[in-house]
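The exercises below are to be worked with the sequence and the coordinates open. Each task is followed by a solution in steps.

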Amino acid sequence: MNKQLHVAVAVIEDTQGRILLTQRAADKHQGGLWEFPGGKCEAGESVLQALARELQEELGIEVVNAEPLIQIPYQYPELNVLLDVHRVTAYRGDAHGAEGQPMQWVAKAQLQQIAFPAANRPIVCAVQLPQQYLVTPTGLDAEALYQGVMRAAAQGIELVQLRAPELSEQAYFALVERLLQALPVSCRLLIKGSWAQVQDYEQAGWHLTSAQLEQFAQQSERPLPSNRWLAVSCHNAQQLAWATQISADFACLSPVQATASHPDAQPLGWAATAELIAEAQVPVYLLGGLQPSDLTQAFIIGAQGIAAIRGLWS
Ligand SMILES: Nc1nc2c([nH]c(=O)n2[C@@H]2O[C@H](COP(=O)(O)OP(=O)(O)OP(=O)(O)O)[C@@H](O)[C@H]2O)c(=O)[nH]1
Ligand SMILES: [Mg+2]
């Protein structure tokens, strides 16, 4: 196999939530497509040094602060890359196409419409996804779930998986309808169930169990239109590979630590979790015994953030 090219890639957001894109020269690899600015790490250079150098060369800006967003190992037929993506959260200077390349600021919600290199799909998801994913606790009735999700949305939670195994099918989907009508647009709901049950709720995403993931992986195609969030539950490398195979938007990897909700499950621990994330090609939320205070550690090992049940439910 070819040597892997380590590439420093920058996500730069302006105050209106738009993202900076530049266009690749026609004669380059993936020429003519739009990209996030950045470039190859040179020998002996750290990824942050490469990021700073590339953004100086390509945009004429000085990076003041950058935070890891996602790492994507990707094999093009002719080239093997590791896109090492950082959010540049502070910089000095006026970003411009310093090498004469076309540049544009694109609203996050419009990124799906842009012609990017194939490796970039998970970056687009990672940019749009928040750092926390609330999974609803068990043991609550429909009213308590409704009140709790609305409260979480009011407190700034942007992504919720409605998990309510104790409700009847009828009560569950009545609650789904009620929430879809009431939730602010800032908070997206992912629901559970079979395709037949979820297909009509076009405002909702769909969270697949690992058993459902395995079924859909046989067909190797995405079972949901691209305008709805598609998430999957994963516990190992095989399932993370299936997540890519069905073009899931993100995965939940569990259990990272011992958790009261699944006392029999063997926790992965941080080291094995880090190894699984390094191979994954989708944004990964970590689940299982985690609190918002674990976010820093989650980012260090390359996670999108944490998914939590009690930790995000107040
Ligand atoms: N900068 C950047 N590179 C990307 C993206 N997506 C993606 O697949 N790549 C690939 O990463 C590789 C390295 O990027 P690059 O061509 O910008 O490297 P560079 O700035 O050092 O270019 P140079 O060869 O002109 O010195 C290319 O093969 C490119 O196709 C992206 O969003 N941004
Ligand atoms: Mg470049």
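A residue is taken as buried if 20 or more other C-beta atoms lie within 10 Å of its own, and as exposed if 12 or fewer do. The model is predicted.

**Exercise 1.** Determine which residues of α3 are buried and how they are arranged about the helix axis.

Solution. 
- Step 1. Helix α3 covers residues 142-154, 13 residues in total, and its end-to-end C-alpha distance of 18 Å is close to the 18 Å expected at 1.5 Å a residue.
- Step 2. Applying the cut-off of 20 gives L145, V149, A152 and A153 as the buried residues of α3.
- Step 3. Viewed down the axis of α3, these buried residues fall within an arc of 100°, so they line one face of the helix.
- Step 4. The background is that an α-helix has 3.6 residues a turn, so residues three or four places apart point the same way.
- Step 5. E143, A144, Q147, R151 and A154 are exposed on the other side of α3.
- Step 6. The packing partners of the buried residues of α3 are β8 (132-135), β9 (159-161) and α4 (169-182).
- Step 7. After α3 comes G156, with a positive phi near 105°.

**Exercise 2.** Repeat the analysis for α4 and state what covers its buried residues.

Solution. 
- Step 1. α4 has 14 residues and reaches 20 Å from first to last C-alpha, close to the 20 Å expected at 1.5 Å a residue.
- Step 2. Its buried residues are Y172, L175, V176 and L179.
- Step 3. Their directions, seen down the axis of α4, fall within an arc of 105°, so the buried residues line one face of the helix.
- Step 4. Exposed residues Q170, E177 and Q181 sit on the face of α4 turned away from the buried side.
- Step 5. The cover over the buried residues of α4 includes α3 and β10 (188-191).

**Exercise 3.** Describe the shell of residues around ligand 1.

Solution. 
- Step 1. The shell has 18 residues, of which E35, G38, G39, K40 and P117 come nearest to ligand 1.
- Step 2. At least two residues of the shell come from each of β1 (4-12), β4 (38-40) and β6 (79-92).
- Step 3. By class, the shell holds nine nonpolar, five polar and four charged residues.

Terms used. Residues numbered from 1 in each chain as written. Chains lettered and ligands numbered in written order. Predicted model: local features only at pLDDT ≥ 70, side-chain atom pairs only at ≥ 80, totals over all residues. Helix = DSSP H or I, 4+ residues; strand = E, 2+ residues; numbered from the N terminus. Expected span 1.5 Å × (residues − 1). Arc of directions from axis to C-beta. Contact = placed C-beta atoms within 7 Å. Near = placed C-beta within 6 Å. Nonpolar A, V, L, I, M, F, W, Y, C, P; charged D, E, K, R; others polar.
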